[in-house]
Amino acid sequence: MRFVNIRRSTTQKGKAKKAFLTKSNFTPYLLLAPVILLLVIFFLIPGLTQLSLSFYKYLPPGVVIGKLYEPTFTLENYIRFFSPTYLNGYFWPTIRIMFASTAIALILSYPVAYSIARTSSSKLKKIFMAIVIAAILVGPIVRVYSWLIILGNEGPANNVLAFFGFGRIEFLGSELGVIIGTTQFLLAYLILVLLSSIQNINPACEDAARSLGANSIHTFLRITLPQSLPGIISAVVLGLTLSATMLETPLVLGFGIVQMQGNLIYNYSLGSVVNLPFSSAASVVLIVMALTISYGVSYLLKSQIKWAK
Amino acid sequence: MLTEKIAKAFVTFLIILTLSLLILIPVIVAIDAFSPTAYSNFPPSSLSFRWFENFFGNPSLLSSFQISIFFAAIVAVATVTIGTLASYVIARYQFKGKKLIDALIQAPIVFPGVALGNALLVFFYSSGFYYHPAMLIIGQTIIGLPYVFRVMLPSFTGLNQSFEEASMTLGASRVETFFRVTLPLVKSALLAGAILGFAAAFNDYAVSVFLVDPTIQTLPVQLMGLMQAGVDPTIAAAATFTVLIMIVLLVVCEKIVGIDKLMTGVKY
């Protein structure tokens with residue numbers, strides 16, 4: 001009797017839940033209308049406008065008064081983008097900075113993520129987390145200005161180098177300076193991604209390896225590292241995407257000498273020569289780059305892991 | 001054994017280096033704000049408040065500071081309102097195209113900021129709008145929305161539906177239930193969402209720079225303009241204020257709801 005009762009009550013609850021979820025087919029769309037409208041009008045349509053503008057013909061100022069472009073189909077913006085001047089001035093530096101800073105940031109953030117995941121004191125964990133989240137909340141302006149001071153010719157970094165008898169390095173306006181700034185920007189984001197992956201590894205596996213005689217290096221290389229590979233992949237993808245789309249760092253630390261994709265868009269949309277079709281083409285290339293990295297790199301790496309297994 | 005010790009020392013060094021890179025950045029700016037000389041000379045030899053006086057005596061910097069706070073507050077309210085509605089509907093209803101809408105709301109977070117800024121500039125230019133404060137608010141709302149959405153969605157899906165069912169069985173309408181039962185239960189997420197929405201708008205440069213009017217500039221845009229001209233401790237004084245605001249928000253969030261709520265929104 002009791003058994004029957006329980007069964008009845010669960011089925012009733014199931015029905016009630018179902019009814020609660022699918023009350024009307026129309027209400028959800030009505031309620032979501034403001035969000036959908038906002039994103040369609042101010043996100044999707046601008047994206048498509050930019051895409052179509054990237055195929056428009058550029059009109060130099062004065063050819064037709066008050067017009068910056070003319071709606072005739074042309075590939076000249078993309079051809080210009082892939083010419084050696086622009087490839088060497090913007091595209092290749094972006095690629096170099098992306099890979100260098102992601103690699104360094106990965107090496108620097110992994111130990112911190114690991115120690116946050118494995119610390120037993122909840123207070124210490126909270127302090128670590130506060131530092132990481134504060135680093136994200138502190139805006140780009142503070143970060144970039146701080147690096148401007150640190151890396152200056154008379155700044156602390158060069159003073160330390162001089163103190164140890166090394167020569168001064170011109171960080172500002174060099175790729176090294178931009179890489180340092182970008183790396184530091186990535187740290188906090190990579191720590192969070194790695195942290196959630198390392199937290200999923202059962203510490204008992206590491207204890208087992210150690211009790212079987214493996215030293216810490218072997219335990220790390222054979223147990224922890226392989227298990228945190230999914231987290232490392234997402235960290236690499238995130239690092240590459242975030243660094244590809246940098247604007248503030250190359251704008252200030254690059255001194256106009258080292259420029260990235262972001263600078264190219266900035267220069268031709270807000271600079272002295274306004275060429276919206278060209279900046280739109282650069283923007284489309286940047287979006288394609290970011291999407292290719294997010295899907296391509298993770299797909300490649302994941303298939304590699306499956307193959308290795 | 002020796003290699004193990006060396007490896008351990010190296011790892012400890014990496015941890016200290018990384019943490020100090022995270023902590024030192026705002027600290028150095030704050031120290032520079034108190035430097036007595038205009039030529040940034042680090043570390044400063046004595047304390048001075050002249051750069052703070054400079055900042056408060058500069059009407060254009062001060063007004064852009066107020067504009068930044070005002071706009072960020074509007075964006076916080078807008079993103080929390082829209083984000084709550086969207087995440088509630090996605091958590092509570094079954095309908096076609098749910099995944100697509102979810103992806104659409106979260107898309108701006110992976111979309112490059114510069115590209116979004118340029119897209120909005122091109123869109124507004126080609127549709128005849130040029131320089132309107134509403135453009136800035138719309139742009140900042142779009143970048144702030146995914147963060148709020150990411151905080152709100154798990155708190156709605158994680159909420160036990162029996163509270164709402166009980167309220168509705170007792171005769172409350174769905175709307176009444178939402179305002180009197182559901183919302184009070186997720187108020188911690190509302191606060192965390194508002195903080196993230198505010199911070200996203202307040203700190204944004206990449207999108208805002210494409211949308212600001214030469215006369216109505218936000219603080220980050222104006223400070224970046226000054227910075228490209230060179231080092232000036234007035235920038236440090238203004239930046240120190242933005243750091244203070246963020247620290248206050250972080251402490252408020254930690255005291256009321258705990259820092260973990262912010263993490264779900266910030267994490268990619």
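Start at the crossing of H5(A) and H12(B): it is right-handed. Keep in mind that this is a predicted model.

**Stop 1: the helix pair.** Select residues 122-137 of chain A, which form helix H5. Angles over 145 degrees would count as roughly antiparallel, and 65 to 115 as roughly perpendicular. H5(A) and H12(B) are therefore oblique to each other.

**Stop 2: the residues that meet.** Show side chains on H5(A) for A:Ala130, A:Ile133, A:Ala134 and A:Leu137. Across from them on H12(B), pick B:Met246, B:Ile247, B:Leu250 and B:Glu254. Now colour by class. The contact of these two helices has 7 nonpolar residues, 1 charged residue and no polar ones.

**Stop 3: the whole contact.** Zoom out to both chains. Chain A gives 83 residues to the contact, and chain B gives 74. Which helix of chain B supplies the largest share of its side? Select residues 2-33: this is helix H1 of chain B, with 18 residues in the contact. By class, the side of chain B that touches chain A holds 57 nonpolar, 11 polar and 6 charged residues.

Stop 4: Chain B has 13 helices and 0 strands. Its C-alpha atoms fill a box of roughly 70 × 70 × 30 Å along the principal axes. Of the 268 residues in chain B, 45% are buried. Finally, look at contacts in chain B with a separation of 6 or more: 75% of them join residues 24 or more positions apart.

Definitions and conventions
Residues numbered from 1 in each chain as written. Chains lettered and ligands numbered in written order. Predicted model: local features only at pLDDT ≥ 70, side-chain atom pairs only at ≥ 80, totals over all residues. Contact = placed C-beta atoms within 7 Å. Helix = DSSP H or I, 4+ residues; strand = E, 2+ residues; numbered from the N terminus. Nonpolar A, V, L, I, M, F, W, Y, C, P; charged D, E, K, R; others polar. Axes fitted to C-alpha atoms, helices over the stretch in contact; angles between N-to-C directions. Parallel < 35°, antiparallel > 145°, perpendicular 65-115°, else oblique. Left-handed = near helix turned anticlockwise from the far one by under 90°. Buried ≥ 20, exposed ≤ 12 C-beta atoms within 10 Å, placed from the backbone.
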